Amino acid sequence: MNEPSRPEVRRLGSSYVLDTRIGSGAQGEVWRAHSVDAPHEPLAVKLLTTNPADDDHVLERFLKERSTLMRVSSPYVVGVRDMVIEGTSFAIVMDFVDGGDLRELLAASGPLRPAELCRMGALMARGLMAVHDAGIVHRDLKPANVLIDWGPQGRP
């Protein structure tokens, strides 16, 4: 009996392995990944799929996004770990948040109870405060961009 074939492991630079694509947008894909040095610690990698040679502003925006994220330090904002530029591959390596997003939570569970809504709103405000303290205006706050870390107690 033959075992099912596994997709080829996709390397990113010399330090990272892209495991599973978990999302995509207009200019990139987000992958669950890991470091070669820490294979059991999941990471998120935003991989630019638009060729910077086709659009002068793509690379500029990508580099600006990375430098912007590097200015923010908060437990309520996804942390940036690294940037990889190799050939035509451009990627930002970030902490992985495994709890889904607020849009998915609301779709699955319905509206939050008032106390939970207030608590979650306060946590989001802490993240936005860190972003604003770094001189950044978020401009795209929506439930799909609010990632949930359930933590050890099973609560966001």
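Reader: Which backbone nitrogen lies 3.0 Å from a polar atom of the side chain of Ser74?

Author: This is a predicted model, and what follows is read from its coordinates. Ser74 sits in the loop between α1 (56-70) and β5, and a polar atom of its side chain lies 3.0 Å from a backbone nitrogen, that of Tyr76.

Reader: Is Ser74 buried or exposed?

Author: Leaving aside the neighbours within four places in sequence, Ser74 is in contact with Arg126, Gly127 and Ala130. Its relative accessible area is 16%, and because the cut-off for burial is under 20%, Ser74 counts as buried.

Reader: In what order do the strands of the open sheet lie?

Author: Along the sequence the protein follows the pattern β-β-β-β-α-β-β-α-α, with three helices and six strands in total. The open sheet has six strands with antiparallel pairing, and their order is β1-β2-β3-β4-β6-β5. Its edge strands, each pairing on one side only, are β1 (10-12) and β5 (80-86).

Reader: Which residue of β2 stands opposite Arg11?

Author: β1 and strand β2 (residues 16-24) pair in the antiparallel sense over three bridges. Their hairpin has three residues between the strands, and in it Gly13 takes a positive phi near 60 degrees. In β2, the residue opposite Arg11 is Val17.

Reader: How many bridges join β2 to strand β3?

Author: A hairpin links β2 to β3 through three residues, and Arg21 stands opposite Trp31 in β3. The two strands run antiparallel, with β3 covering residues 28-35, and the number of bridges that join them is seven.

Reader: Which residue in β6 is the bridge partner of Ala44?

Author: Strand β4 (residues 42-48) and strand β6 (residues 89-95) run antiparallel and are joined by five bridges. Within β6, the bridge partner of Ala44 is Met94.

Reader: What separates the C-alpha atoms of Phe90 and Leu12?

Author: Phe90 belongs to strand β6 and, at 8% relative accessibility, counts as buried. Phe90 and Leu12 are 78 residues apart along the chain, and the separation of their C-alpha atoms is 9.2 Å.

Reader: Which residue caps the N-terminal end of helix α2?

Author: Just after α2, Gly110 takes a positive phi of about 80 degrees. At the N-terminal end of this helix (residues 102-109), a side-chain oxygen lies 3.0 Å from the backbone nitrogen of Arg103, and the capping residue that supplies this oxygen is Asp101.

Reader: What share of the residues of the protein counts as buried?

Author: The protein exposes about 10,600 Å², of which carbon and sulfur atoms supply 52%. Among contacts between residues at least 6 apart in sequence, 46% join residues at least 24 apart. Of the 156 residues, the share that counts as buried is 30%.

Reader: Over which residues does pLDDT stay under 50?

Author: The protein averages a pLDDT of 85, and 88% of the residues score at least 70. Where pLDDT is low, the predicted coordinates should not be read in detail. The stretch for which pLDDT stays under 50, and for which the model has zero contacts beyond four places in sequence, is residues 1-6.

Key
Residues numbered from 1 in each chain as written. Heavy atoms only, no water. Helix = DSSP H or I, 4+ residues; strand = E, 2+ residues; numbered from the N terminus. Buried < 20%, exposed > 50% of the residue type's maximum accessible area, 1.4 Å probe, protein only. Contact = heavy atoms within 4.5 Å. Areas by Shrake-Rupley, 256 points an atom, 1.4 Å probe, with all protein chains shown as cover. Pairing = 2+ DSSP bridges. Polar contact = N/O pair within 3.5 Å; in protein donor to acceptor, adjacent residues only side chain to side chain. pLDDT = per-residue confidence, 0-100.
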